[in-house]
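This report goes through a two-chain structure.

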Amino acid sequence: MTYIKGFDIIRFVAFLLIIVYHFFPKFLAAGFLGVDMLLVLSGFLITRSIFTEVQKTGDFDSKNFFKKRFYRIFPTLLLAIIITLFFSLFSNPDFLVDIGKQVAATLGFVTNWYEILTGGSYEAQFIEHLFLHTWYLSLEIVFYIIWALFILILVKSNQKRVKAQTNKRNLQLFLKLRNQVLIASFVFALIGYILMLIGIIRKENIATLYFSNFTRSYPLFIGSLLACLFHSDKRFIRLAASFKPKKLRENVLRGSLIATFVVLFLAFLLSYESSLTYYFGILTTSIATGVLIYYAILFHAATKIKIFPDLKSGIDRFTAYFNKISYPIYLFHWPLFVLAKQHFSPIISALISLFASILLANFASYIWEPAWQGKVQIPNLQFLNKKKYLFPGIAGIFAIILIITLFKAPWLTSMEETLMRNALMQSKDEANNLIVKAEVQELDEKERLFYEDIKGATIFGDSVMVGPRDYLLETIPDSSVDAAQYRKLDSVNELIQDLKESGDLKEFVILALGTNTSSNDVEFTEEIIADFPEKHRLIFITPYDGRGDSSLGSWQYREYLLTLEDKYDFVTVGDWFAVAEDNPQYYAGTDLVHFYGIPETYEAYSNFILETIERAKERSVK
Amino acid sequence: MKKFVNNIWLKINSIPNFKYYLFLFIWIICIIFALLPSGKRNVKNLSIDDLEYTGEIKGKLIEGEGKIVFPDGEIYEGNFKDNKFEGEGIFINSQNQKIEGNFETGKAGTNSIVEIEPGKSWQLGPDNTWINKSSSIVENKNLEETDPDSSDPSQNISEESDPDEMSDSSENETEGAE
């Protein structure tokens, strides 16, 4: 297979997008589209390399194929795990929760499914998983296996059927295979895209659409489809020769720039939550990458017939070097960034992570990876080539560090522990309330009436409220706080009605919800207002999600809430969102949604709710 | 040492495709371990901040039978679900007052019996009505009098008589305090 230098530039652009997205997700909200560029390129290169082999030998050596992929992927992955585990020992213990499962998912190349099973909500993202970025390897590995086996079956069955003479046989075998692969790639890509469409139309969990092999692998098949279409070098040379050099240069430059611009535009415009990403963002990026591949081959063909001078050797050397260290950088940058962010600002953490990743990537590419194959060439380090010492040594180091990490790993993150404690304390408070009610039964009727006139506030919240719960109980007289993880608006109307029925609903009913959004939030809220019991006052506290923008559900829900005060005289809206925007220090060092562990914010939040209650007193009861 | 390593290395290499099978085996184990949901297990004296739990847990939730001790000595022993009291259980607060009953998502439901003090009990009836059960607890009161050291609420749980055994002489039926 001929080495096409333009591909290194495509890979560089894709990596840049991904890494900038990881470091500054607000700046480049859909930088993850770089993954799809890599997938198209990968599908293209894998299929093309198999084609070249079949054309040359008339056969496909699958064992050698897997061996090559293994040495490319596995050793560096293991190094990344060892180094990440080592650094995580000195960081926030929350990162170690479920670390055994995360390592297993990474080594088993199922991080994407692990994330689908555990993630997909703000709560799960509160502590970022250190190996989250390895989800992408699952798509690659599953594709390698399925595609290689599929092609192997095709090659073997074709070999039985094609009976031409030796010199023509290989060509015939290749042509037959190419046609079959063309159809298969088209069908698989189409199925993948349709599954994605069905998922987004049916409003499936976005994490599933984003991570699943079924919905996210289709760019790989678009790549292999392109490999079938663009396989003939001769055709490209003829095409290049048919243009005037100046015209060709203009065409290549214009075409590549437009395609790159399209991807960049989408990367700035779209986001993880935006449904447009899944309708057409990924597909358009894949097609744009196809265009870039086309121009890279055309450019390469032109340099071959000397229409163009070759790339300047400086750029050439840089892209080739980058190609070698890009995969290790990808593996190292994320965990190092996440761990560094515990101590430094995002910009400093990004710089530290990048610098350390480049150093480690050089070690991985020039010493570690060659050692696995006994190919270390640095004179003083050639002892590493002895596999019988190297492998048990690596296994030993890995086992020791894994055992230490597992030993140190807590069962729950601090947030999960707070949630658990909160739920148990709530149950306990309910039980004590019931005892008080039974005690009231011993009183005479006059005294009982005094208790029946329940003042105070019933507060409903989601995981955001778990932190300040105790502050709220202290600040707001006669209050009860019911905070639950993942709570959405759909369940709240019933809770209010139940409390009313049991006589536990207090004068002020405060809803601090809307962080976990659904498409029917407005309907649920209208329902709550319509069914709201008489003689009570309803208060909404607007949610704040500092990571989003106006396209985010919770931001839109806040806009809606702000209109309610004018419509209903028994509804008061406290705009915590505005307070949070004015006081970024309240969310310093947090995920910009929850503000756990900052007493200043707990106090401000509790006082804000108290102020809103005071304001509600001036308004009506229902 | 060198010879020993050599021998083992040779033996391993002599098994046909040993490395591939080993790799495949580890791979499958990793997948199963990563994706299989964690089942039920028992823990003893598990600290949840300032609370202490002994009993069953499922995944990352308190679920099944267990006993939780709160910082002020209050105790719940019984069934849990989703980190809340759920199903049959007994709650005893710091003043030795007690609820025996069926809990639903953290709340005591109908037919739960609240003992305010020895001899004074109320049962939560349907529609938030209360049924006075005081006279029926005399038997229970006597039991407690025989044990003067019952100030520790955790010891009371085992001495509790079954609510079904109590007589149904409900004298008073009053409307609940809604």
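## A largely enclosed helix

In α1(A), 13 of the 18 residues are buried, so the helix is largely enclosed by the rest of the structure. A residue counts as buried if 20 or more other C-beta atoms lie within 10 Å of its own, as exposed if 12 or fewer do, and as partly exposed in between, with C-beta atoms placed from the backbone. Helix α1 covers residues 6–23 of chain A and reaches 26 Å from its first C-alpha to its last, close to the 26 Å expected at 1.5 Å a residue. That expected span is 1.5 Å times one less than the number of residues in the helix. Helices (H or I, at least four residues) and strands (E, at least two) are DSSP runs, numbered from the N terminus.

## Basis and confidence

This is a predicted model, in which local features need pLDDT of at least 70 and side-chain atom pairs count only at pLDDT 80 or more, while totals for chains, interfaces and linings use all residues. Residues are numbered from 1 along each chain as its sequence is written, and chains are lettered from A and ligands numbered from 1 in the order in which they are written.

The pLDDT, the predictor's confidence in each residue from 0 to 100, has a mean of 87 in chain A, where 94% of the residues reach 70 or more. Confidence in chain A is lowest in helix α6 (residues 122–125), with a mean of 47, and highest in helix α11 (residues 218–229), at 95.

## The two chains

Chain A has 26 helices and 5 strands, and its C-alpha trace spans about 110 × 55 × 50 Å along the principal axes. Of its 622 residues, 42% count as buried. Two residues are in contact if their C-beta atoms, placed from the backbone, lie within 7 Å. Among the contacts in chain A between residues at least 6 apart in sequence, 76% join residues at least 24 apart. An automatic or database domain assignment gives the domain bounds: domain 1 of chain A is 6–408 and domain 2 is 414–618. The C-alpha centres of these two domains lie 46 Å apart.

Chain B has 4 helices and 11 strands. Buried residues make up 25% of its 178 residues. Of the chain B contacts with a separation of 6 or more, 19% are between residues 24 or more positions apart.

## Where the chains meet

The contact takes 36 residues from chain A and 37 residues from chain B. On the chain A side, α4 (99–107), α5 (111–118), α18 (414–440) and α19 (445–452) each supply at least two residues. The largest share of that side, 18 residues, comes from α18(A).

## Strands around β9 of chain B

Strand β9 (residues 120–124) of chain B is mostly covered, with 4 of its 5 residues buried. Strands pair if DSSP finds at least two bridges between them. Strand β8 (residues 113–117) is joined to β9(B) by 4 bridges and runs antiparallel to it; B:I113 has B:Q123 as its bridge partner in β9(B). The hairpin of β8(B) and β9(B) has 2 residues between the strands, and B:G119 takes a positive phi near 95 degrees.

Strand β10 (residues 130–132) of chain B is also antiparallel to β9(B), with 3 bridges. The bridge partner of B:W122 in β10(B) is B:N132. These two strands, β9(B) and β10(B), form a hairpin with 5 residues between them, and B:D127 in the turn has a positive phi of about 55 degrees.
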